[in-house]
Every structure is written in structure tokens, then in C-alpha cells.
Amino acid sequence: MILVLSLAIAAAVLFVLLRLLPGDPANALVSVGADPEQIAAARRQVGSDLPLVQQFFQFVSSLARFDLGTSFVSRTSVAADIADRLTVTVPLTLMAFALAVVISVPLGIIAAVKADRWYGAAISVVSQLGIAVPVFWVGILLVALFAVNLRIFPSGGFPASGWADPAAALRALALPTLTIAIVMGASMLRYVRSATQDVVDSDYLRTARALGSGFAEALARHGLRNGAVPVISILGIELATTFLGAVVVERVFTLPGLGSMLLLGIEQRDYPNVQGVLLVTTLVVLVVGFLTDIIQRLVDPRLRYSRRGDGK
Amino acid sequence: MPYITAVSRLHHALTGAVAVLAVSAAMASSAAAQQAGPDAIINIGSLYEPQNLDNTAGAGQGVSEAFNGNVYEALFRLADSGEVEPVLSESYEASEDGLTYTFKLREGVTFHSGDPLTAADVKFSIERVMAPESKSSRRNSLSTIANIETPDDKTVVITLKQRSISLPYNLSYVWIVNDAAKELTSSADGTGPYRLENWRRGTSLTLTPSDNYWGEAPRNGGVVFTYFTEATAQNNALLTGAIDIIPSVQSPDSLAMFEGNPQFTVTEGVSTTKELLAYNDRVEPFSNVKVRKALARAIDKKRLLASIWGEHGTLIGSFVPPTDPWYVDLTGVDAYDPDSARQLLEEAGLKDGFSFSLDTPNYDPHPLVAQFIQNELGKIGVKVDINLITSNEWYTKIYQAQDFQATLQEHVNHRDIVFYGNPNFYWGYDNPQVVELIASAEASATVDEQVEKLTEANKIIAEDAASNWLYLYPQIVVSSAKVSGYPVNGLNSQFFAYTIEKSR
């Protein structure tokens with residue numbers, strides 16, 4: 001219910017914000033030389049000649065029928081185009097997320113536990129650097145190194161055949177995945193490190209060790225589970241952020257994903273496309289948040305009991 | 001564009017440093033070599049992805065690049081030389097009064113779907129462009145057509161309301177489509193040497209040689225247009241061999257990477273794209289010819305062009321590029337002379353200068369040009385407020401509402417001097433003599449008469465400083481040295497791909 005309500009509010013806000021932008025979707029269809037009659041016909045076609053209220057009701061009624069409409073500019077089904085582009089953005093996000101977790105969790109724990117060693121400190125410093133660097137810059141560096149000089153991976157683009165050739169598709173996603181993973185991994189590492197530090201300094205870990213556990217055993221049995229709770233919620237936020245942040249990376253690598261569809265849609269004032277993409281992203285963010293919540297409760301029994309106690 | 005420079009610097013540093021790389025580079029080029037010969041696929045990198053695939057549905061310039069002459073043919077073709085050549089029209093005859101044109105269609109032509117080309121297809125195709133819902137910017141130029149008849153399958157008779165000397169030229173824009181085709185915004189059915197194989201939105205468009213083409217088969221095994229949203233990615237793709245050719249380079253900074261490198265060929269042709277400082281000639285003080293002439297003389301266009309394009313590009317003294325038949329060199333009219341500019345302003349009663357708002361599209365090169373103009377005009381006491389707008393807003397504010405003082409814009413088309421003959425056009429230039437010359441030029445009985453009248457009109461708009469024509473863009477093609485046979489002028493954004501060859 002909350003999900004539906006959030007979506008409805010998001011949809012209404014989107015509708016209004018888009019119409020506040022100066023410009024007209026009909027402009028994407030005409031070029032210099034078009035006469036006033038043609039422009040009027042274009043506005044009629046896209047419906048930008050109708051009063052705003054009427055446009056809004058049309059938008060709401062088609063949404064209620066789960067109809068995302070047809071693009072003003074390409075005249076293709078928005079839902080079909082989104083589905084097509086999700087085959088790029090979803091694998092990209094998930095692979096980058098997985099890679100970032102694989103990098104950041106062990107390194108974060110090492111950085112916390114071995115903070116007094118040179119490599120623990122080095123990990124912290126390098127991760128700080130990773131946070132400071134903008135994602136497009138990382139992308140450009142990786143392209144210069146791995147594509148232009150080493151010629152190991154393509155500098156951008158996606159195969160015309162899509163996933164029909166999985167090897168080519170994976171190669172196309174290699175550098176974008178690495179780009180996101182580096183930037184996301186750096187900030188996740190900081191969270192993992194500080195969560196681990198809290199655990200290491202905690203009373204229960206000291207008690208466990210006093211009862212005879214070795215440090216590693218105590219950390220594995222008690223520490224990880226406790227440390228995981230805040231980390232999971234951060235991971236959820238990071239996953240959603242990556243999905244949204246794909247806009248920048250897709251632009252750098254010319255990938256036909258959701259992000260490039262959104263940018264182009266905004267440029268062209270192609271309202272159905274923009275609304276469709278933003279609704280889908282909102283939905284993804286909400287669902288990820290919901291799943292994060294569930295996973296947290298599975299990991300931490302205290303959350304289950306306390307929430308039930310609230311009567312929710 | 002600071003990061004482009006940074007990348008190329010990094011590129012040089014890395015190239016020098018790592019020796020092992022040579023091995024992998026050699027491997028990459030041997031893989032590419034297998035792709036040579038008549039079956040080789042030509043990969044073309046473009047910044048202009050079509051918005052849809054129908055040039056009467058607002059597809060944009062990208063569809064002309066990919067489809068004109070490649071997938072769709074017309075009765076005539078505007079060749080890369082600027083000549084109008086017959087294609088699907090085998091021969092034609094104009095009546096004595098110039099009001100009836102009879103076209104004989106070429107025999108043995110079929111669409112990619114297998115349907116034969118008939119006169120009905122031609123009638124359907126022309127009427128499609130003329131329809132009120134057509135988005136074609138050339139719709140107006142066909143408004144002289146009164147009626148189209150098809151006495152038999154291979155004959156088309158067009159009756160005009162008045163003489164139209166440019167009819168064959170105008171018909172070169174009209175794709176001949178199959179009248180049975182249901183949907184042309186995401187599929188295609190033409191008579192050209194290639195058929196549409198696949199369009200993956202946001203990525204690429206693949207053309208394959210058509211089995212039933214009436215003419216000479218393409219000299220390659222197919223063409224893939226790969227689309228980019230920015231020049232850096234496009235250049236990287238050419239550097240790494242992912243694409244073979246960039247039909248129209250839009251980023252001057254990137255030329256340094258390719259010039260002087262034996263692996264690449266840089267060719268400069270003649271473009272039709274004009275960079276304009278267009279005034280709203282209806283409003284004060286731009287309604288005063290003296291003010292317009294003063295601003296024309298105050299800008300050092302040679303330095304402007306050099307600062308943007310280096311050695312490339314051409315100065316023009318009016319709206320007419322050298323490939324239009326009515327071109328004359330008018331760069332001497334209102335040449336750079338800041339002193340006389342100040343004097344003209346004084347004569348116009350603006351001794352202390354004035355200020356105006358310059359609506360500047362927010363993409364290259366306009367913001368740079370605006371700053372240059374701001375600086376130059378500042379020297380004669382004219383203050384310029386730069387107002388950045390998006391290309392979409394430009395159409396609403398300037399093109400339609402005509403609510404502006406001055407703007408920058410690139411005008412891409414060939415033979416578009418006709419805009420100065422329309423007082424309702426966005427810049428509002430209204431000289432009855434020019435209106436009459438441009439209208440009567442179209443009604444000329446001979447090409448000579450047409451050229452004479454338009455040349456006259458061209459000289460008048462230059463003398464009137466109707467707009468401030470800053471420069472003509474260079475048309476630069478960069479390709480891998482293995483690729484040859486491509487058009488270099490790219491008139492009207494066309495890019496005929498069938499003569500391109502890739503060697504080993």
C-alpha cells in the first residue's frame with residue numbers, strides 16, 4: 001500500500017516538474033523550415049496543445065491501466081523500450097554491485113582489524129581517494145588505459161545483437177562495471193570499516209574473548225552478524241544509487257541503458273519516455289528498500305521482535 | 001573541454017611508456033584485417049542517431065545520413081558534387097509553360113520487400129511529404145504542386161500551380177517508399193542498395209546489401225552506423241578500430257589526434273553549415289541597417305574561425321555557401337573594421353553603444369562564439385548579455401514566438417537562401433526587392449535566370465547585413481587509412497555508403 005502511494009506521489013511530482021521545464025515536446029519533431037501549420041499539427045499529435053489539467057488526467061488514467069504510453073519522438077512503446085534497456089542497466093548494476101561487495105567487504109574488515117599495520121592504513125587512504133574522484137573521471141581513465149592503449153576492452157558501445165552474443169555483451173560491460181565498482185566499492189569500504197571498528201571495540205566481543213574465543217573466531221561468530229546490520233542498509237542504498245547513477249556511466253560508455261534513455265528523453269521533452277523511466281527507477285528504489293528491510297530482519301532477530309512490538 | 005585534452009595527454013604518456021602494448025595492438029589489427037575486401041562491414045560512427053526512421057515524422061538529420069541513397073532512393077539525387085542526377089526517374093520532360101512535368105520511371109526496380117516500383121508509389125511518397133501532418137522541413141518547397149497523376153505504372157505526371165525551376169532538386173528529398181508499407185517509423189521499405197537489417201535504439205543501425213537491387217552492388221558487405229552522444233567516445237572508437245570512419249567531425253580539438261598519423265586519413269570537404277549571429281530585424285536597434293553593418297564590421301571573423309577550427313573552415317560574406325550555384329565571394333562587404341563600426345553606430349545615433357541579449361544554444365560551438373562576440377562588441381561599446389538556452393527552447397522562444405533580440409544558430413541546409421524571402425521567418429528580414437527576387441527566381445524558365453536572380457538577392461542581403469554570417473563550418477571526414485571511396489562534402493547531411501571500400 002505504501003509502495004503504491006509512494007509511486008502515485010512520485011508520478012504526480014514528476015508530471016509537474018517536467019512541465020515546468022521550458023520547451024515543448026513538439027519541437028523535437030520539427031526543424032528549421034517547418035511552417036506554423038506543421039508546428040501546430042505536431043503539437044496536436046503529442047497533445048502539448050491541450051490544457052495541463054487534461055494532460056494530467058490522461059496521464060493518470062493511462063497509468064492506472066499500467067500503460068506507459070508511446071514515445072512522442074520515436075513512436076515506439078515506452079514499456080518495450082524500457083524492457084530493452086533494462087537488459088543493459090540491470091546486469092551492469094548487479095555486476096558492479098557484486099564486484100564492489102567482493103572488493104569492499106574483505107578489504108573493509110582488514111582495514112578495521114589491521115588499522116595499525118601499514119596495509120590497513122593504505123587501504124583506508126586509497127578508499128578515501130576513490131570517494132573523492134568523480135565517476136566519469138574514473139571511466140575516462142579506464143578507457144584511456146584499457147581501451148585506447150591496451151586494447152583489451154572496447155571503449156564503449158554495446159553489440160547490436162545484444163545478449164545474443166554474451167561474450168561481446170560482457171566485454172562491452174567490463175569497463176563500465178569496473179568504473180562503478182571502483183567508485184561504489186570505495187565508499188562501501190568506508191562503511192564496512194567503520195562498522196567493523198565498532199564491533200571490534202564492543203563489549204560483547206571483549207566478553208566473548210574473555211570466555212576463551214580467539215579474536216578471529218569471536219569476530220566471525222558474533223562480530224560479522226552485528227556489523228552486518230548497518231552495512232546491509234548502506235548496501236541497499238548503494239545499490240539503488242548505482243542504478244540511478246548509471247546515467248553518468250552509460251553516457252561515458254555510450255551504453256543503450258535506462259540512463260541514456262532518460263537523458264535523451266529530457267533533451268527532447270519526450271514526456272512519456274521520461275515519465276516511464278523515472279517511474280521504473282522509483283519502483284526499483286522502493287523495492288530495493290523493502291528488500292533491504294526484510295534482509296535486515298532476517299539477520300537481526302531484535303528487529304523482528306521490536307517491530308512486532310510496535311504493532312506494525 | 002578540459003578532459004579531452006587531459007585524456008590525449010595521458011594517451012601520449014601511456015603510449016610512450018608501455019612497450020608490451022604493441023603486441024596486443026598488433027593482435028587487434030590482424031583481427032581487423034580479416035574484415036577487409038568486398039565483404040567487409042564498414043563501421044560508421046555518428047553523433048546523429050535518428051529519432052525514428054521516417055523523414056516525414058521528425059526523424060532528424062541522422063536519418064538523412066543513414067538512409068538517403070542507401071536505403072531509400074528518390075527520383076533524383078543531390079550528388080556529393082552538388083549536381084542533381086536522375087535516379088529512379090529515367091527521363092523527364094517539362095511542358096513549354098513549365099507547369100507539367102512528365103517523369104518516366106526506371107524499369108526493373110523493386111522494393112526490398114519484393115514489390116515492384118510503380119507510379120502509385122511515387123505519387124504516395126510525394127503526397128506523404130505534402131500532407132499537413134508531415135514534419136518535413138521541405139514540405140513548403142513542394143507547395144507549388146497542384147496535382148499528381150499516374151497514367152500508367154511507369155509514368156508520373158506532376159502539374160504545378162506555378163513554375164518551379166527547383167522541382168527536380170526538391171524531389172531529391174522525397175524518399176520513394178512502398179505505398180503498401182504500413183509502418184515506417186521503425187522499419188523501412190525502399191529501393192536502395194541496402195535494406196535495413198536491425199536498429200538497436202541508442203546503439204546502432206545495421207544495413208545489409210539488398211539482393212534485388214537494380215543498380216551496381218555496394219562495394220562492401222554492409223554498413224553499421226554506431227551512435228555516440230559525445231565526441232570523445234566517438235574518437236576513442238576510431239582510435240581503437242571499433243569504427244572505421246567519422247563522416248562529420250564536430251570537435252576541433254580531436255583533430256590533433258588524427259592529423260599526421262599515418263593510420264588515419266583526414267579529408268576536408270565543403271559543408272553547407274553556416275554559423276549565424278541572427279538578429280531580430282523587426283526590433284530596435286536591429287531594424288536599422290547601419291547598426292547591423294556596424295556589428296558585422298566589429299567582429300574579427302577570421303580570428304573567430306581560427307580560434308574554433310584552427311586551419312579549417314571558410315569565411316562567408318553571406319548566407320550562401322560555395323556549393324550553391326548563386327555563390328559569389330562577398331567577404332569584402334562589411335569586412336572587419338572596428339573604426340568604421342564605431343562611426344556607423346554614431347551615425348545611427350548610438351554613440352554610447354547599447355546592450356542586447358544574445359540567446360545562445362547551450363551546445364558547441366555556440367557558447368564559445370557568444371563569448372568571442374561579447375568581447376569584440378565590447379570594444380565598440382556594445383554590451384552583450386549571453387543567455388544560454390537549450391535547443392528545444394530555441395524552437396519555442398525564437399523560431400515560433402520570435403521573442404528575442406539576437407541569437408546564434410547553425411543552419412545546415414544547402415540552397416536555403418529562400419529563408420530571406422520569407423518576412424515571417426524568425427529573423428524577420430523584410431526587403432520587398434529580395435522577396436520578389438526569390439519568388440520570381442523559383443518561377444524562372446531557365447536555370448541561368450534562376451541563378452542570376454538569386455545571385456542578385458544574395459548580394460542585397462549581404463549589403464543589408466540581414467544577419468551576421470560568421471563562418472562556414474568545415475566538413476571533415478576522418479577515417480582509418482584502410483577505408484576509401486566515401487563522400488567528402490556531406491551535402492544536406494547525406495552520406496552515401498555504397499562506394500566505400502576497406503582494404504587490407
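Tutor: Before we read this predicted model, one cut-off is needed: a residue is buried if 20 or more other C-beta atoms lie within 10 Å of its own. By that count, 38% of the 312 residues of chain A are buried.

Student: Why is Gln494(B) counted as buried?

Tutor: Gln494(B) has 23 C-beta neighbours inside 10 Å, and the cut-off asks for 20 or more, so Gln494(B) counts as buried. As for its place in the chain, Gln494(B) is found in the loop between strand E17 (483-484) and strand E18 (501-502) of chain B.

Student: What is Gln494(B) in contact with, leaving aside its neighbours within four places in sequence?

Tutor: Contact requires C-beta atoms within 7 Å, and on that basis Gln494(B) is in contact with Ser64(B), Glu65(B), Asn68(B) and Gly69(B). For Asn422(B), the separation from Gln494(B) is 72 residues in sequence and 26 Å in space, C-alpha to C-alpha.

Student: Turning to chain A, which elements make up its fold, helices or strands?

Tutor: Chain A has 12 helices and zero strands, and from the N terminus on its elements run α-α-α-α-α-α-α-α-α-α-α-α. Along the principal axes, the C-alpha atoms of chain A fill a box of roughly 85 × 60 × 35 Å. Among the contacts in chain A between residues at least 6 apart in sequence, 70% join residues at least 24 apart.

Student: How do you know that the end-to-end span of helix H3 of chain A agrees with its number of residues?

Tutor: The expected span is 1.5 Å times one less than the number of residues, so the 13 residues of helix H3 (residues 52-64) of chain A should span 18 Å, and because the end C-alpha atoms are 18 Å apart, the two values agree. After H3(A) comes Phe66(A), whose phi is positive, near 55 degrees.

Student: Where does the domain assignment divide chain A?

Tutor: The assignment gives domain 1 (2-64) and domain 2 (86-302), and the centres of these two domains of chain A, taken over C-alpha atoms, are separated by 35 Å. Where they meet, 13 residues of domain 1 of chain A are in contact with 11 residues of domain 2 of chain A. The side of domain 1 that touches domain 2 divides into nine nonpolar residues, three polar and one charged.

Student: What does UniProt place at residues 86-296 of chain A?

Tutor: An unreviewed UniProt entry places the feature "domain: ABC transmembrane type-1" there. In the model, residues 86-296 of chain A are 83% helix and 0% strand, with end C-alpha atoms 27 Å apart.

Student: Where does UniProt place the feature "transmembrane region" in chain A?

Tutor: The unreviewed entry gives residues 94-113, 125-148, 168-189, 231-254 and 274-295 of chain A. Residues 125-148 of chain A are 92% helix and 0% strand, and their end C-alpha atoms lie 29 Å apart. For residues 231-254 of chain A, the chain is 92% helix and 0% strand, with end C-alpha atoms 32 Å apart.

Student: What makes up the side of chain A that touches chain B?

Tutor: By contact, 48 residues of chain A meet 50 residues of chain B. Helix H2 (36-46), helix H6 (135-149) and helix H10 (258-268) of chain A each supply at least two residues of that side, and the largest share, seven residues, comes from H6(A). By residue class, the side of chain A that touches chain B divides into 23 nonpolar, 16 polar and nine charged.

Note on methods:
Residues numbered from 1 in each chain as written. Chains lettered and ligands numbered in written order. Predicted model: local features only at pLDDT ≥ 70, side-chain atom pairs only at ≥ 80, totals over all residues. Helix = DSSP H or I, 4+ residues; strand = E, 2+ residues; numbered from the N terminus. UniProt positions renumbered as here; feature names shortened; annotations may be inferred. Contact = placed C-beta atoms within 7 Å. Nonpolar A, V, L, I, M, F, W, Y, C, P; charged D, E, K, R; others polar. Buried ≥ 20, exposed ≤ 12 C-beta atoms within 10 Å, placed from the backbone. Domains from an automatic or database assignment.
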